[in-house]
Amino acid sequence: MLSPEQIRKKLLKEAEEFNAYYDAKKYAPAKRIYDTARLISAFIDLPEPDHILLFGNRSYKEDHEELTDGLFPEWRVDKAVLFCIQSGDTYDKEDHRPSAEIFYYWEKLSDAGKDALKEYAACLVEKELHQRLYA
């Protein structure tokens with residue numbers, strides 16, 4: 001298992017990789033890297049200074065702190081998301097969302113069936129995290 005410092009270094013490398021993909025105008029992989037980094041940082045409860053380093057400072061007006069961009073510049077993330085939506089390479093576009101039929105069957109499932117599916121989904125997320133962390 002990776003130590004917190006090793007995970008931190010991997011997240012810093014992810015930021016470099018995001019910017020490399022963005023510079024190459026490969027917006028979909030860049031967005032996926034950003035999404036994964038956000039997920040991992042939330043999952044491991046990344047310390048606030050490291051979170052600010054990666055994702056920037058979004059302070060409240062009352063804090064009177066200057067807004068700063070992190071290693072994942074917000075304007076680049078926004079542009080990558082926009083290009084993904086325009087190209088249809090995202091779940092943000094309506095035709096990529098699950099159909100209403102799925103929700104119909106979800107409501108028909110027993111509580112045990114729902115729990116089993118949730119557990120399976122959690123395993124898939126854990127597998128994705130493991131692949132990204134140990135790659």
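Reader: Which residues of helix 3 are buried?

Author: Two conventions come first. This is a predicted model, in which local features need pLDDT of at least 70, side-chain atom pairs count only at pLDDT 80 or more, and totals for chains, interfaces and linings use all residues. Residues are numbered from 1 along each chain as its sequence is written, and side-chain values use heavy atoms, with hydrogens and water left out. Buried means under 20% relative accessible area, exposed over 50%, and partly exposed in between (1.4 Å probe, protein chains only). Helices (H or I, at least four residues) and strands (E, at least two) are DSSP runs, numbered from the N terminus. In helix 3, which spans residues 48–55, Asp50, Leu54 and Phe55 are buried. Seen down the axis of helix 3, these buried residues fall within an arc of 105°, so they line one face of the helix; the arc is that of the directions from the helix axis to the C-beta atoms.

Reader: Why do residues three or four places apart point the same way in an α-helix?

Author: An α-helix has 3.6 residues a turn, so residues at that spacing point the same way. On the other side of helix 3, Glu48 and Pro49 are exposed.

Reader: What covers the buried residues of helix 3?

Author: Contact means heavy atoms within 4.5 Å. The cover includes helix 1 (4–23) and helix 2 (27–43). After helix 3 comes Gly56, with a positive phi near 90°.

Reader: How many helices and strands does the protein chain have?

Author: The protein chain has six helices and zero strands, in the order α-α-α-α-α-α from the N terminus. Of its 135 residues, 28% are buried. Among contacts between residues at least 6 apart in sequence, 54% join residues at least 24 apart.

Reader: At what angle do helix 2 and helix 4 pack?

Author: Axes are lines fitted to C-alpha atoms, for helices over the stretch in contact, and angles run from 0 to 180 degrees between N-to-C directions. Helix 2 and helix 4 (residues 74–87) pack at about 125°, their axes 9 Å apart. That makes helix 2 oblique to helix 4; angles under 35 degrees count as roughly parallel, over 145 as roughly antiparallel, 65 to 115 as roughly perpendicular and the rest as oblique.

Reader: Which residues make the contact of helix 2 and helix 4?

Author: Helix 2 contributes Tyr27, Ala28, Lys31 and Tyr34, while helix 4 contributes Val77, Lys79, Ala80, Val81, Phe83 and Cys84. These divide into eight nonpolar, no polar and two charged, where Ala, Val, Leu, Ile, Met, Phe, Trp, Tyr, Cys and Pro count as nonpolar, Asp, Glu, Lys and Arg as charged, and the others, Gly among them, as polar.

Reader: Is Ala80 buried or exposed?

Author: Ala80 counts as buried, because its relative accessibility is 1%. Not counting residues up to four places away in sequence, Ala80 touches Tyr22 and Tyr27. Ala80 and Tyr27 are 53 residues apart in sequence and 4.9 Å apart in space, C-alpha to C-alpha. Arg76 also lies in helix 4 and counts as buried at 14% relative accessibility. Leaving aside neighbours within four places in sequence, Arg76 is in contact with Phe18, Asn19, Tyr22 and Asp23.

Reader: Where is Lys25 found?

Author: Lys25 is found in the loop between helix 1 and helix 2. Its phi is near 60°, a positive value in a residue other than glycine, and at 63% relative accessibility Lys25 counts as exposed.
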